[in-house]
Amino acid sequence: MVMCMQEWYCNDLYCRRYGHSGRNILLVNGAMADCSFYDDLASYLSDTYTVYTYDHPGYGRSDEEGKSLVEQTEDIQHLIHAIGSCSVVGHSCGAIPVLQYLMQDGSGMDHVLLYEPFLCDLSDDIRIERLKKDMPVLLKEERYEDAGMALLDVLSAEPDARAFGEAQREYFTKNSHAFYAHECMSMLEYGMDYGKLDGRKIFVGIGDCSAGMPCEEMAERFREAADCAMVWFKGAHDAPYEQYQAFGKAMKELSL
């Protein structure tokens with residue numbers, strides 16, 4: 001149940017705030033998910049934090065046109081300027097604009113948690129190599145259903161996972177247009193010198209259902225490059241939604 005939620009806009013980005021006391025925390029969602037992906041997690045956290053979420057450019061209720069993930073670094077900056085000092089959680093490809101801002105400036109960021117960051121330059125997995133080879137063809141031919149299946153093939157899934165609601169599935173469908181047009185290739189082509197992040201207050205998280213999947217390799221290599229702490233969570237790639245109570249409890253224990 002969503003408690004104490006307020007809606008507002010930061011420039012042209014649709015935003016939500018949950019709770020009104022405690023430290024600020026900004027939750028950045030991954031591919032095709034609108035901010036309601038975090039509704040239950042944000043409500044769970046709102047007794048400890050003031051929680052902010054938003055829809056990516058071109059997503060959900062945001063009026064702004066779609067942007068590449070790197071271009072969304074500016075949105076992170078604007079949000080932090082509006083919110084004030086905060087910790088930031090970046091899920092999946094949502095980790096990319098968070099990392100870019102952390103590298104370029106990072107002012108106003110306290111702790112950072114990257115949950116299963118989708119960083120293809122940190123993977124030698126044949127499934128990721130196949131994805132990078134096939135995706136440009138699928139996008140050019142507008143075979144978006146096949147593109148979606150190709151993405152699901154490299155992400156962990158939890159058996160009998162909590163299903164998305166009808167409204168969220170509708171947003172996934174709508175948001176897919178912005179994702180494939182603006183974000184997908186920037187996600188696959190992204191890379192940076194992660195060693196320059198050494199010493200920052202970063203945690204990288206992985207779900208226990210993701211063992212042996214590409215995201216485990218990406219997380220482990222990121223941990224080594226950035227010299228940060230690894231944290232295991234219960235669940236799979238969408239654990240912030242599917243296992244929101246366990247995920248939120250782990251976040252509180254980290255004292256983000």
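These questions and answers explain the terms used for some helices, residues and a pocket in a predicted model.

Me: Why is H2 called roughly perpendicular to H3?
Reply: Helix H2 (residues 73–83) and helix H3 (residues 95–104) pack at an angle of about 75°. Roughly perpendicular covers 65 to 115 degrees. The angle falls in that range, so H2 is roughly perpendicular to H3. Their axes are 8 Å apart. Axes are lines fitted to C-alpha atoms, for helices over the stretch in contact, and angles run from 0 to 180 degrees between N-to-C directions.

Me: Which residues of H2 and H3 meet?
Reply: Contact means heavy atoms within 4.5 Å. Thr73, Ile76, Gln77 and Ile80 in H2 meet Pro97, Val98, Gln100, Tyr101 and Gln104 in H3. By class, that contact has five nonpolar, four polar and no charged residues.

Me: Why is H3 described as largely enclosed?
Reply: Buried means under 20% relative accessible area (1.4 Å probe, protein chains only). Eight of the 10 residues of H3 are buried, so the rest of the structure largely encloses this helix. Among them are Ala95, Ile96 and Leu99.

Me: Why does Asp227 count as exposed?
Reply: Exposed means over 50% relative accessible area. Asp227 has 54% relative accessibility, so Asp227 is exposed. Asp227 sits in the loop between helix H7 (214–226) and strand S8 (229–233). Its phi is near 50°, a positive value in a residue other than glycine.

Me: Why does Ser255 count as partly exposed?
Reply: Partly exposed lies between the two cut-offs, 20% and 50%. Ser255 has 43% relative accessibility, so Ser255 is partly exposed. Ser255 is in the segment after helix H9 (244–254).

Me: What makes a set of grid points a pocket?
Reply: On a 1 Å grid over the protein atoms alone, a pocket is an open set with protein on both sides within 12 Å along at least five of seven lines. Lining residues have an atom within 4 Å of a point. The largest pocket is lined by 31 residues. Met32, Leu152, Phe164, Phe172 and Asp238 lie nearest its centre. Helix H6 (166–189) gives the most to this lining, with six residues.

How values were computed:
Residues are numbered from 1 along each chain as its sequence is written. This is a predicted model: local features need pLDDT of at least 70, side-chain atom pairs count only at pLDDT 80 or more; totals for chains, interfaces and linings use all residues. Side-chain values use heavy atoms; hydrogens and water are left out. On a 1 Å grid over the protein atoms alone, a cavity is a set of points where a 1.4 Å probe fits but cannot get out, and a pocket is an open set with protein on both sides within 12 Å along at least five of seven lines; lining residues have an atom within 4 Å of a point. Helices (H or I, at least four residues) and strands (E, at least two) are DSSP runs, numbered from the N terminus. Angles under 35 degrees count as roughly parallel, over 145 as roughly antiparallel, 65 to 115 as roughly perpendicular and the rest as oblique. Ala, Val, Leu, Ile, Met, Phe, Trp, Tyr, Cys and Pro count as nonpolar, Asp, Glu, Lys and Arg as charged, and the others, Gly among them, as polar.
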